[in-house]
Amino acid sequence: MHRVVITGTGIVSVLGCTREEAASALYHGRSGIVAEPERLAFGMRSCLTGSVRNFDPARHLSRKQRKTMPDCAVQAHAAVMDAMAQSVLPEEILRSDRCGLVFGNDSSVIPALDQARALEEAGSTEGMGSGHVFRCMNSSVTMNLNILLGNRGAGWTVAAACASGAYALGQATDAVRLGRMDAMICGAAQEIGPQAVAAFDGLGAFSTHPVPEEASRPFDADRQGLVPSGGAAALVLESYVSARRRGATILGEILGFGCSADGESLVVPNATGLAAAMRMALSEARLLPSDITLVNAHATSTPLGDAAEAANLRAVFGDSCPPVMALKSLTGHELWMSGAAQVVYTVLMAERGFTAGTRNFHCGGGGTEGIPVLDRTLDIPPRTVVCNAAGFGGSNAVLVVRMGCPA
Amino acid sequence: MQEKEIKDIVDAALADEFELDRASLVDDAHIREDLGLDSLDIVDLVIVIENAFNFKLEDRSKLAGIQTLGDLYRFIRDIYEHKSFVEK
């Protein structure tokens, strides 16, 4: 089994389009959530959303390249290029069949609507244009990146609802750990737009708080729902031996990956499934719960979801739960992307020596009582971190990461 | 339609859609090899031309023989001469 390390990260998110911007927002507790009143006119209950600002797709790729890509795939490409630049991944690794690519993604709704509109306007399929088929597929991010990067190794897509990103990193880790690949470019992407989340809004799951920055309140007694968000997060994972051999800067190590399904409800998480995934990840990491110094929670700010995560944390950590950080208080729920973004954010904080606080947390309630939520930024880097992700269908995925360069 | 007018419309449409340098748009430029258009671009080229001239071709299969920009200019000139199009 090979040790798996992180040598690069990239992020295009509602907190910023570069690592520096996102890290600054994390440190200062700046929210990426805004109100879009047009969502109400569109028929939605909530006008709140995460907003990726100042990202110009035309600055990154040509029109010809972009015509087969949804916006989140262009964002994924930008994040990947940043991650590869930080990793200084050499061409001979990138272009070999020992370097692969896996991204998490579970929808491409907006391109599907574009496709239907194009057919209606053209009146025949031959007048629709060439890009729609490639933009509509769940694997759109991976397939486009395969071509843009010249990938010759494994290339696939993971769909596991809001655990997609964590699953992508977990499977990338497995590929390196098993020796199938020496390096993996991995991450996840999430489209943003009212059409993409309209039916989700119809379930009453979104916050309608009047103040956008105060709407996402993970674990807080007054939480009332999530805020949809998105963007793209990317990492370069590599075998420890490969990274050492080429003198790469090692940002952290993925020690363990765990996954499970609740097997109960489509929408309501139970009190045991996520705990099973946490235990599996800890077991692979050969760590005890007491070795964990921080939990980077899934915590989406829904009443039932956060209560369930609290129950799962109690099941694993008992009365000795380490500090719990809930970054969706700043980002909103990045859905498919969130599990990958959590690890990127953790690396950004470790590099800069701080741990971000959870915005809008005042006191637990509704099942989250007693969870030690970190409510302010500390000038201490995260060390050994459990990153949780959970999604519809009871999908759970957990990564245990240790920051810094391993001995 | 005058030949220069056809050329101007085609060049403007191609430069915009495929982000091509106007200087590369010469009569003997090969559409695939010199301008770099691939099979997907050719699908879009038809739509771009139809939108630029605000017509629909009666028979798109005739485009298959076009190799160079000069061929494309002549193809459109012939279309106008024979009125083998439907106005949009």
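Select helix α10 of chain A together with α2 (38-41) and α6 (109-122) of chain A, which are among the elements that cover the buried residues of α10(A). Helices here are DSSP runs of H or I with at least four residues, strands are runs of E with at least two, and both are numbered from the N terminus. Contact requires C-beta atoms, placed from the backbone, within 7 Å. The model is predicted: local features need pLDDT of at least 70, side-chain atom pairs count only at pLDDT 80 or more, and totals for chains, interfaces and linings use all residues. Residues are numbered from 1 along each chain as its sequence is written, and chains are lettered from A and ligands numbered from 1 in the order in which they are written.

Remain on α10(A), residues 194-202, and display Pro194(A), Ala196(A), Val197(A) and Asp201(A), which are buried (20 or more other C-beta atoms within 10 Å of the residue's own; exposed means 12 or fewer, and partly exposed lies in between). Viewed down the axis, the buried residues of α10(A) fall within an arc of 135 degrees, so they line one face of the helix; the arc is taken from the directions from the helix axis to the C-beta atoms. Ala199(A) and Gly202(A), on the other side of α10(A), are exposed. Just after the helix, Gly204(A) adopts a positive phi of about 80 degrees.

Next, select strands β11 (residues 384-391) and β12 (residues 395-403) of chain A, which run antiparallel and are joined by 8 bridges. Asn388(A) has Val398(A), in β12(A), as its bridge partner.

Finally, turn to the contact between the chains, where chain A contributes 7 residues and chain B 8 residues.

Conventions. Two residues are in contact if their C-beta atoms, placed from the backbone, lie within 7 Å. Two strands pair if DSSP finds at least two bridges between them.
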